Amino acid sequence: RAPRAVSEGVKGEKKSRVNDIVTREYTVNLHKRLLGKQFKKRAPRAVSEVVKFAQKAMGTADVRIDQRLNKHLWSRGVKNVPVRVRVRLARKRNDDEDAKEKLYTMCTLVDVDTFKGVGTQVIQERQRGDVGGDSTGRRGIPRLGFLAGSCFLMGRGLGFGGGGCG
């Protein structure tokens with residue numbers, strides 16, 4: 001066995017997360033968490049499993065589920081829960097003065113076409129100096145980025161006239 005690395009700092013000291021305002025995207029595999037559960041308890045259990053996942057990943061006891069995520073988990077009924085779900089976990093400050101926790105985690109749904117190869121992603125927060133709009137760039141007009149010059153723009157999908165790629 002290799003010797004363990006000695007951690008710096010005082011033993012038993014907890015790391016403060018007050019300054020760690022961060023947003024990450026995760027894929028939660030609900031199939032392995034609901035395997036063997038009875039049908040009438042699957043959707044409620046899926047919600048609680050997402051909460052448990054968020055508590056472990058973000059280190060906050062207060063986890064809030066977005067309405068869209070809840071509706072997505074219940075969309076196929078109580079027993080046919082989606083196999084996987086992509087969630088965005090945002091650790092935020094609690095503005096309530098009499099709250100027990102200084103931070104809470106907001107869980108929102110991320111729509112993806114496929115779960116293959118997406119992995120965990122850290123989402124960069126916008127700088128305070130940014131002007132209007134969202135991550136699309138020019139105030140609501142989406143960036144095409146990696147699609148520029150591809151077959152997708154050449155006549156498949158966006159309705160542009162012209163040829164295609166084969």
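Guide: The protein has 3 helices and 5 strands, and from the N terminus on its elements run β-α-α-β-α-β-β-β. Helices (H or I, at least four residues) and strands (E, at least two) are DSSP runs, numbered from the N terminus. This is a predicted model, in which local features need pLDDT of at least 70 and side-chain atom pairs count only at pLDDT 80 or more, while totals for chains, interfaces and linings use all residues. Residues are numbered from 1 along each chain as its sequence is written, and side-chain values use heavy atoms, with hydrogens and water left out.

Visitor: What makes Arg88 and Glu25 a salt bridge?

Guide: A salt bridge requires a side-chain nitrogen of Lys or Arg within 4 Å of a carboxyl oxygen of Asp or Glu. The closest N and O atoms of Arg88 and Glu25 are 2.3 Å apart, so the pair meets the definition. Arg88 lies in strand 3 and Glu25 in strand 1, 63 residues apart, and the pair thus links distant parts of the chain. The structure holds 6 salt bridges.

Visitor: Why is Glu25 called buried, and why is Arg88 called partly exposed?

Guide: Buried means under 20% relative accessible area, exposed means over 50%, and partly exposed lies in between (1.4 Å probe, protein chains only). Glu25 has a relative accessible area of 6%, and therefore counts as buried. Arg88 has 31%, and therefore counts as partly exposed. Of the 166 residues of the protein, 23% count as buried.

Visitor: What separates Arg45 and Glu49 along helix 2?

Guide: Arg45 and Glu49 are separated by about one helical turn, because they are 4 residues apart in helix 2. They form a salt bridge, with the closest N and O atoms 3.0 Å apart. Glu49 is buried because its relative accessibility is 7%, whereas Arg45, at 31%, counts as partly exposed.

Visitor: Why is the aromatic pair of Tyr26 and Phe53 called edge-to-face?

Guide: Rings of Phe, Tyr and Trp (its six-membered ring) pair if their centres lie within 6.5 Å; planes under 30 degrees apart count as stacked, over 60 as edge-to-face and the rest as tilted. By this rule the count comes to 1 aromatic pair. Tyr26 and Phe53 lie 5.3 Å centre to centre with 80° between the planes, an edge-to-face arrangement. The pair links distant parts of the chain, with Tyr26 in strand 1 (residues 23–29) and Phe53 in helix 2 (residues 42–58), 27 residues apart. Tyr26 is buried because its relative accessibility is 12%, and Phe53 is buried because its value is 18%.

Visitor: How do you know that Asp95 is exposed, and where is Asp95 found?

Guide: Asp95 counts as exposed because its relative accessibility is 69%. Asp95 is found in the loop between strand 3 (84–93) and strand 4 (103–109).
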